[in-house]
Amino acid sequence: MPGPDRWTPPSLREVQALLYELITAPAGVGPGLAARGVGPAALEALVIGDDRLSAVERLDIYANMYFFRILDVLRGELPRVRAALGDDGFHDLITDYLLAVRPAHPSLREVGAGLPGYLGQHAAGLERPWLVPLARLERAHRELFDGPDAVALTAEDVRALGPDAFVALPVALAPCHVILEHPYALGPVWEALEAGQVVTPAPEAETLIVWRQGLAVRHRTVDDAAERAMLTALARERATLGALCELFVAAAPADAAGAGQDGRADADGAAEAATAKLAVAAFQVLARWLDDGLLVAAPGAPARAPST
Amino acid sequence: MSSPSSSSFPHLGHGIGLRPPHYQALARSSASERPPVDWVEIISENFMVAGGNPRAVLRDVRARLPVAMHGVSLSLGSVDPLDEVYLTELAELAREIEPAWISDHLCWSSFGGHTGHDLWPLPFTEEALVHVAARVHAVQERLGRPLLVENVSSYLRFSHSTLAEWELLAELTARTGCGVLLDVNNVYVSAHNHGFAARDFLDGIPVGRVGQIHLAGHRDEGTHLLDTHDHPVCDGVWDLYTAAVERFGGVATLIERDDDIPPLDELVAEARRAAEIERAVRARGEALREAEHARP
């Protein structure tokens, strides 16, 4: 350490500025010092080294803990992305991510919040674009794990209503959900990716609903166009069960209920039968949503019909 | 199980950290089954969430046991402003679960609006003391209660430190009224890494200001000890704990384990060992006092 006449102790702010820069330097403390155009002596004036560990080695302990703690968290949070990229590729991704999106939230829970978006700009994501929605899906599972609680409507709740009360009941999606739409069929390869198998999802448009039922986070594909319409409308704003059923009927493909066969769609009997069939299908969707714990009673003012 | 303590913080007995592998066992709501520990400590940030399993477990556990909140993100030594959003969420959680106390660390972990998710060491200077004291005051005012401040394990020292760590901590308690969360393992690790006598640290902390003790395991890296919380408490730390109990009396003690978490029984056995040490120290003290009274 230089003598007191040659070295002025830094302020607390200066100490923290220097240490933060060196601890978070991508290649470690030594290269971090070199990037500043100084050698180890610059740190040795501030940090006491000894025959066991030099000043640089001592600060490197913190640098390693900074990176590997976060890497461990993200490995656990994005196991499929990690498996797809391999350990080295994932390590490189996180190195770049931490430089571009420095952690700012006090909880480690949030350290991966920006990773899906960042992956979209990173070489790994540009090379394999399906990794981006995969990261979003894995991140959604993490976020919903401890997302907001809600009391879900049950089939029994709804069965207890009379027909008029049923159609007028305002409902909303349980708050702990997210709807993901992307151009890759992730659902069919989810488990294979978890098992570390080398698979590539088919380039097919997919809508996923991810939600927490009780304490378990689940997801499933929403293949049916009419159900998708109901879901996206209800995600925008609450609606009555009656309005949802109407929306389902309106959004169903023309041939969904067998209407239009033999060019006689305008026949009254056939149209009524088709509508009745669609209504049954709409009820089946709602029954599934109730079983899945996706619906809650909407509070507040009378519900409006959802816009399409 | 409480026993007299020289601290103004209640002696809750001997507990463990509430960690996911033991959620189910500790949250069992059978009223007839006595919890295997006296109290638990939570990592505050892990429960500052909207809902789901962590909050459900915490509600159940809190109904059965005293809970202390231990944070890692106050960044008391940082030159960044205190994080108001974090403080609000911390206060909200405290209002909900009514913890025995709230604690955090004598360190900094953020700079320039960014966080390192680590406990970085401070230079032990008057400047740092004044800075941390002001922030402890502010936090205590915000939370409406005294804070417990924990010594951290460290791997480096600053050449311009003018105080020993224990001197800074002692002065911090005097200036702010905060208590000390004495991490005996951290004292052991830092003493090894920096070559000071661990007992000097204990002797430098005022009796009556230690509200809680942490015990944990570490890893020997050859050149230094690393505070990993992934091993059982070692004999050297148990010896130092005995010395701490001799100096500070019975203090709420907690076994911290964060990695390679063993079955609950193993942690409970460590908590019971701490209780046994405390009983033995107390018995020795009573025997000495009786001998003195009996002396003609």
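What span should the 12 residues of helix α6 (residues 165-176) of chain B have, and how far apart are its end C-alpha atoms? At 1.5 Å a residue (times one less than the number of residues), helix α6 of chain B should span 16 Å, and its end C-alpha atoms are 16 Å apart, which agrees. Helices (H or I, at least four residues) and strands (E, at least two) are DSSP runs, numbered from the N terminus.

This is a predicted model, in which local features need pLDDT of at least 70 and side-chain atom pairs count only at pLDDT 80 or more, while totals for chains, interfaces and linings use all residues. Residues are numbered from 1 along each chain as its sequence is written, and chains are lettered from A and ligands numbered from 1 in the order in which they are written.

Residues of α6(B) that are buried (20 or more other C-beta atoms within 10 Å of their own; exposed is 12 or fewer, partly exposed in between; C-beta atoms placed from the backbone) include Trp166(B), Leu169(B) and Leu172(B). Seen down the helix axis, the buried residues of α6(B) fall within an arc of 160° (directions from the axis to the C-beta atoms), so they line one face. Contact means C-beta atoms, placed from the backbone, within 7 Å. The buried residues pack against these elements of chain B:

| Element | Residues |
|---|---|
| β7(B) | 147-150 |
| β8(B) | 179-183 |
| α8(B) | 198-204 |

They also pack against α5 of chain B. Arg142(B) is found in α5 (residues 126-143) and touches Leu87(B) and Ala91(B), not counting residues up to four places away in sequence.

Conventions: Two residues are in contact if their C-beta atoms, placed from the backbone, lie within 7 Å.
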